[in-house]
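Please read them with the coordinates open.

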Amino acid sequence: MAELAHITRRGILKGIATSSVVAVPSVAAASSELAHEPEHPWETARRLAHELSDVLRATDDGRWFATIYPADQHEYPIMFGDIKSQEDARNYVDTRLSALIGAHREAVEIFSSACDATDRIAIGREPSKAAWRRYTKASRDEEKSFLAVCEFRPMNDATRSVKAKYLQEFTRHTQLNEVQVAALLSSMLSRITSLMR
C-alpha cells in the first residue's frame, strides 16, 4: 500500500506524457519510410508536366507551349513555341499548291478553247492542222499540270483539304487514270513516312 501512495495525479500525467513522446518517433519513422519510397517515373513526369503547364499559363499570357523529348533523343530536347504561330501554320495553305492549281485552271481554259477550235460541228468544217497541233499541245499541258497537283505533298491539313476539294471537282465527271492515282498515293505515303520517322 505504501507504493500506491506514490501514484499521484501528477505522476500519472507525467507517465502519459512520457509514453506519448515515446510513441511519436515510431509514427514519424513510418511516415519517413513512406516519403522515401521512390516515385514512379510516370508519376514524376505527370507532376512535372502539370507544374510546367501552370508556369506556361502564367508566362506572357499563356502564349507559349513546350515540346520535350527524352534526354539524348533529339538535337533540341526542350523546345518552346508560339501557340498563335502554330495555329497560323495549321491554317496556312501552301502557296506552291495554290500556284499549281492556278496553272492547271489556266491549262484547262486553253484546252477548252483548243477543243472548241477542233469541234467539227461547232466550226462547220474540218479543223486545220494548226488547230489540231494546238489541241494536242493543250491536252498534254493540261494533263501534265493536273499530274503536278496530284503529286504535290501537303504538309498540313489546310493544304491537304484544298488539294482534295480541287481533285474532287474532276472526279465527279471522270476517273483518274493509273498514273494520276499512283502519283496521288505516292504523295500520301510520303507524308505518312515522314510522320513515322
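**Notes on helix packing, core and aromatic pairs**

1. Helices H5 and H8 pack with their axes 11 Å apart and at an angle of about 15°, where axes are lines fitted to C-alpha atoms, for helices over the stretch in contact, and angles run from 0 to 180 degrees between N-to-C directions. H5 and H8 are therefore roughly parallel to each other (angles under 35 degrees count as roughly parallel, over 145 as roughly antiparallel, 65 to 115 as roughly perpendicular and the rest as oblique). On the H5 side the contact (heavy atoms within 4.5 Å) is made by Leu-97, Ile-101, His-104, Arg-105 and Val-108, and on the H8 side by Thr-159, Val-162, Lys-163, Tyr-166, Glu-169 and Phe-170.

2. As to provenance, this is a predicted model, in which local features need pLDDT of at least 70 and side-chain atom pairs count only at pLDDT 80 or more, while totals for chains, interfaces and linings use all residues. Residues are numbered from 1 along each chain as its sequence is written, and side-chain values use heavy atoms, with hydrogens and water left out. Helices (H or I, at least four residues) and strands (E, at least two) are DSSP runs, numbered from the N terminus.

3. For H5 and H7 the packing angle is about 155°, with the axes 8 Å apart, and the two helices are therefore roughly antiparallel to each other. The residues that make this contact include Leu-100, Ala-103, Ala-107 and Ala-114 of H5, and Ala-131, Ala-138, Ser-145 and Ala-148 of H7.

4. His-104 lies in helix H5 and, at 0% relative accessibility, counts as buried (under 20% relative accessible area, with exposed over 50% and partly exposed in between, for a 1.4 Å probe and protein chains only). Once its neighbours within four places in sequence are left aside, His-104 is in contact with Glu-142, Ser-145, Phe-146, Val-149, Tyr-166 and Phe-170.

5. Which residues make up the largest nonpolar core? It has 9 residues, namely Leu-97, Ile-101, Phe-146, Val-149, Cys-150, Phe-152, Tyr-166, Leu-167 and Ala-183, a nonpolar core being a set of buried Ala, Val, Leu, Ile, Met, Phe, Trp, Tyr and Cys residues joined through side-chain atoms within 4.5 Å. Two or more residues of this core come from each of H5, H7 and helix H8 (157-171), and the largest share, 3 residues, is that of H7. Ala-183 is in contact with Leu-147, Cys-150 and Glu-151, leaving aside its neighbours within four places in sequence.

6. Rings of Phe, Tyr and Trp (its six-membered ring) pair if their centres lie within 6.5 Å, with planes under 30 degrees apart counted as stacked, over 60 as edge-to-face and the rest as tilted; by this rule the count comes to 4 aromatic pairs. The rings of Phe-111 and Tyr-135 have centres 5.5 Å apart and planes at 35°, so this pair is tilted. Because Phe-111 lies in helix H5 (residues 95-117) and Tyr-135 in helix H7 (residues 129-151), the pair ties together parts that are 24 residues apart in sequence.

7. The rings of Trp-132 and Tyr-135 have centres 5.6 Å apart and planes at 85°, so that pair is edge-to-face. Both residues lie in helix H7, 3 residues apart, about one turn of the helix. Tyr-135 is partly exposed at 27% relative accessibility, and Trp-132 is partly exposed with a relative accessible area of 32%. Phe-111, Trp-132 and Tyr-135 form one aromatic cluster.
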